[in-house]
Amino acid sequence: MKIEEALQNAIKELKNNKISAPIVKARMLLVNTLNVTKEYLVINSKEEVNEEAIKKFTEGINKLIKGCPLQYITNHQEFMKLDFYVDESVLIPRADTEILVEEVISSCDNEKEYKILDLCTGSGAIGISLARYIQNSHVTCTDISIKALEIAKKNAKANNTENIEFIESDMFENIKESFDIIVSNPPYIVKDVIATLDKEVQNEPYIALDGGEDGLDFYKTIVNNAYVYLQKGGKLFLEIGYDQKEQVMKLLETSKKYKDIYSKKDLYENDRIVVATKI
């Protein structure tokens with residue numbers, strides 16, 4: 001079977017099963033299967049594909065039809081121009097979260113040293129990106145999941161990041177020092193809403209999605225404890241759900257532990273992050 005035939009068949013199958021972005025997903029899956037570039041597929045569309053590759057490609061298409069995210073099949077996701085390994089043990093890093101990372105970076109002065117805590121690190125995308133792009137930083141990444149920490153460590157090594165450490169911790173449980181910056185993209189989806197999400201999202205780790213009955217469980221824990229681990233004038237950066245701005249800002253305001261509270265939108269004009277400074 002030729003490359004163009006394999007693609008046409010796969011795209012048709014994905015369309016028939018109402019899979020979103022079938023052309024993009026089929027192409028990306030074949031690129032990964034053959035270990036070639038996107039340009040290679042176009043230039044060599046008449047080239048024959050061996051049976052073993054066709055079998056692997058077909059298995060990948062069937063996984064997509066069953067709702068498995070493409071990133072879990074290819075084990076790759078780009079974030080902040082870095083490549084991250086991902087599998088079913090971690091949440092897939094989203095482009096929206098780059099807003100959070102960019103805001104942390106823009107708040108830093110390259111002349112200063114920063115100790116940064118990344119809570120609920122998952123794949124390590126946030127912490128590793130900060131360690132790579134903020135000079136004179138030392139980043140501590142924590143997660144309750146040992147499997148997630150193993151992946152984060154793998155990603156740190158792959159991205160040549162040395163100014164970073166990893167701690168197994170249920171939120172602040174095993175944190176013993178203070179930081180200039182605390183950043184987190186915690187689970188924030190309302191428990192009852194998870195079952196209504198796209199099948200692909202539902203196939204991501206439940207523990208990384210479930211924010212409790214009101215979606216605010218982790219924010220309450222962070223707001224009530226972060227100030228203990230922040231140095232005076234230290235900053236807290238949180239990713240939020242599109243409809244959680246008022247609730248999270250209210251948590252910060254009523255705690256009376258923070259000042260200069262503000263939010264920013266993502267590229268789709270959804271409220272995406274909330275930032276606060278310890279008083």
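**A guided tour in questions**

Visitor: Which residues does Lys199 touch, leaving out those up to four places away in sequence?
Guide: Keep in mind that we're looking at a predicted model. Lys199 is found in helix 9. Once residues up to four places away in sequence are left out, the ones Lys199 touches are Ile65, Lys66 and Gly67.

Visitor: And how far apart in space are Lys199 and Ile43, C-alpha to C-alpha?
Guide: Along the sequence, 156 residues separate Lys199 and Ile43. In space, going from C-alpha to C-alpha, the distance is 34 Å.

Visitor: Let's move to helix 2. What is the distance between its end C-alpha atoms?
Guide: Helix 2 covers residues 22–34, which makes 13 residues. The expected span is 1.5 Å times one less than the number of residues. For helix 2 that gives 18 Å, and the model agrees, because its end C-alpha atoms are apart by 18 Å.

Visitor: Which helices do the buried residues of helix 2 pack against?
Guide: First, the buried residues themselves: Pro22, Lys25, Ala26, Leu29, Leu30, Val31 and Thr33. Their packing partners are helix 1 (3–16), helix 3 (38–43), helix 4 (51–65), helix 5 (70–74) and helix 9 (199–202).

Visitor: What phi does Asn35 take?
Guide: Find helix 2 and step just past its end, and you'll land on Asn35. The phi there is positive, at about 55°.

Visitor: Now Glu103. Is it buried or exposed?
Guide: Glu103 sits in helix 6, which runs over residues 98–106. Its relative accessible area is 10%. The cut-off for buried is under 20%, so with that 10% Glu103 counts as buried.

Visitor: Which side chain joins Glu103 in a polar contact of 3.0 Å?
Guide: Glu103 touches Phe237, Tyr262, Lys264, Ile273 and Val275, not counting residues up to four places away in sequence. The 3.0 Å polar contact links the side chain of Glu103 to that of Lys264.

Visitor: How many residues apart in sequence are the parts tied together by Arg272 and Asp96?
Guide: These two form a salt bridge, with their closest N and O atoms 3.6 Å apart. Arg272 lies in strand 9 (residues 271–278), while Asp96 is in the loop between strand 2 (82–84) and helix 6, so the pair ties together parts whose separation in sequence is 176 residues.

Visitor: Which residues are linked with Arg272 in a network of salt bridges?
Guide: Arg272 is buried, with a relative accessible area of 7%. Its side chain also meets that of Asp266 in a salt bridge of 3.0 Å, N to O, and Asp266 is buried too. The network links Arg272 with Asp96, Glu239 and Asp266.

Visitor: Lys220 and Asp214 form a salt bridge as well. How far apart are the closest N and O atoms?
Guide: Lys220 is partly exposed, at 31% relative accessibility. Asp214 is partly exposed too, with a relative accessible area of 28%. The closest N and O atoms of this pair are apart by 2.9 Å.

Visitor: How many salt bridges does a search of the whole structure find?
Guide: The ones we visited include Lys220 with Asp214 and Asp266 with Arg272. Across the whole structure, the search finds 12.

Visitor: Last stop: how many disulfides are counted?
Guide: A disulfide needs two cysteine sulfur atoms within 2.5 Å. Take Cys120: the closest cysteine sulfur, in Cys141, is 11 Å from its own, which is too far for a bond. For the structure, the count of disulfides is zero.

Definitions and conventions:
Residues numbered from 1 in each chain as written. Predicted model: local features only at pLDDT ≥ 70, side-chain atom pairs only at ≥ 80, totals over all residues. Heavy atoms only, no water. Helix = DSSP H or I, 4+ residues; strand = E, 2+ residues; numbered from the N terminus. Buried < 20%, exposed > 50% of the residue type's maximum accessible area, 1.4 Å probe, protein only. Polar contact = N/O pair within 3.5 Å; in protein donor to acceptor, adjacent residues only side chain to side chain. Contact = heavy atoms within 4.5 Å. Salt bridge = Lys/Arg side-chain N within 4 Å of Asp/Glu carboxyl O.
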